[in-house]
Amino acid sequence: MTMKKLIALVFSLFAATANASGGAGLQHSGANLNDQKSLQDGAALFVNYCMSCHSLKYMRYSRMAADLGLTEDQVMGSLNFTGAKFGEVMTVAMTAADGEKWLGKAPPDLSLVARVRGGPDWIYTYLKSFYRDPARPLGWNNVLFPGASMPHVLWEQQGVQSAVFDAPHGGPAGAAPVFAHFEQVQPGSISAEEYDRLARDIANFLQYAAEPAALKRQQLGVWVLLFLVVLTAMTWLLKRDYWRDVH
């Protein structure tokens, strides 16, 4: 195999992997784990709009409070509506049977959704991609995740939008239409910029929930790099002194 063919094969495999992970067409969220205010707002939004159906079974209220700079009173008074104790995990009362009965499918736990989907950009794009679809049981569909059972719980904030699709060009007969753009049908209670920030905060919080240790790891990483710099300098000085007599 020639070098050109090898390079082409590597690039084709990389592109196939990116497409399989759903990375194509995602919008940049701007999520930042160092933005504590965003994480706090995202936690409040998740609890108020998502946690009636979706749990975070690997996240404890106490751990969230410690990581996000919240007090026990703040968490128990504003972020805990299930009656769980401060040290318990963030579960919901809805059972799998109830979810299948009401929504057609049991809502998944979202503890690891950011890792499963490849990062916060997928969540951010998903929250912005709902559109009105009378053909769906709950009247909503999603361009990023077609056929999603989840209703658009943030429609009052974003407003109602319709999706415009174009006929496929050059594809096989019977190919699915290609998404073109959204059209706003009904304005939301907040501006488009505010809704973008809302979606970013939720995505940021779920990125944190997928790996809470990332906050500590980033803090420790700075000290590790500083230690390596000092160690490298000391090693170089030791090497220079050791080889002085040899040369």
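Entry 1: I started with Asp-41, which is partly exposed at 28% relative accessibility. A caution to myself before going further: this is a predicted model. The partner of Asp-41 in a salt bridge is Lys-37, and I noted 2.7 Å between the closest N and O atoms. How far along helix α2 are Lys-37 and Asp-41 from each other? They are four residues apart, so about one helical turn separates them. Lys-37 itself is exposed, as its relative accessible area is 52%, and the cut-off for that word is over 50%.

**Entry 2: the other salt bridges I checked.** I found four salt bridges listed for the structure. One of them joins the side chains of Lys-128 and Asp-196, at 2.9 Å from N to O. Where do these two residues sit? Lys-128 is in the loop between α7 (120-127) and β3 (130-132), while Asp-196 belongs to helix α9 (residues 192-210), so this pair ties together parts 68 residues apart in sequence. Asp-196 counts as partly exposed at 25%.

I also wrote down the bridge between Arg-200 and Asp-201, where the closest N and O atoms are 2.9 Å apart. Arg-200 is partly exposed at 21% relative accessibility, whereas Asp-201 is buried at 5%.

**Entry 3: back to α2, now with α3.** I looked at how helix α2 (residues 36-50) packs against helix α3 (residues 61-68), and got an angle of about 150° with the axes 10 Å apart. Since angles over 145 degrees count as roughly antiparallel, that is the description for α2 and α3. Which residues make the meeting? From α2 I listed Gln-36, Leu-39, Gln-40 and Ala-43, and from α3 Met-64, Asp-67 and Leu-68.

**Entry 4: Phe-46.** I stayed in helix α2 for one more residue, Phe-46. Phe-46 is buried, with 0% relative accessibility. What does Phe-46 touch beyond its neighbours within four places in sequence? I noted contacts with Met-51, His-54, Leu-56, Leu-110, Phe-205 and Leu-206. I also compared sequence and space for Phe-46 and Ala-203: they are 157 residues apart along the chain, but their C-alpha atoms are 9.4 Å apart.

**Entry 5: a nonpolar patch.** Next I went to the surface, where Leu-220, Val-224, Leu-225, Phe-227, Leu-228 and Leu-231 form a nonpolar patch with about 590 Å² of accessible area together. I picked out Phe-227, which is found in helix α10 (residues 213-242). Phe-227 is exposed, with a relative accessible area of 52%.

**Entry 6: the whole chain.** I finished with the totals. The protein chain has 10 helices and six strands, and buried residues make up 30% of its 247 residues.

Note on methods
Residues are numbered from 1 along each chain as its sequence is written. This is a predicted model: local features need pLDDT of at least 70, side-chain atom pairs count only at pLDDT 80 or more; totals for chains, interfaces and linings use all residues. Side-chain values use heavy atoms; hydrogens and water are left out. Patches are made of residues with over 30% relative accessible area and no salt bridge: like charges are joined within 9 Å, nonpolar side chains (Val, Leu, Ile, Met, Phe, Trp, Tyr) within 5 Å. Accessible areas come from the Shrake-Rupley method with a 1.4 Å probe; for residues, only the protein chains shown count as cover. Buried means under 20% relative accessible area, exposed over 50%, partly exposed in between (1.4 Å probe, protein chains only). Axes are lines fitted to C-alpha atoms, for helices over the stretch in contact, and angles run from 0 to 180 degrees between N-to-C directions. Angles under 35 degrees count as roughly parallel, over 145 as roughly antiparallel, 65 to 115 as roughly perpendicular and the rest as oblique. Contact means heavy atoms within 4.5 Å.
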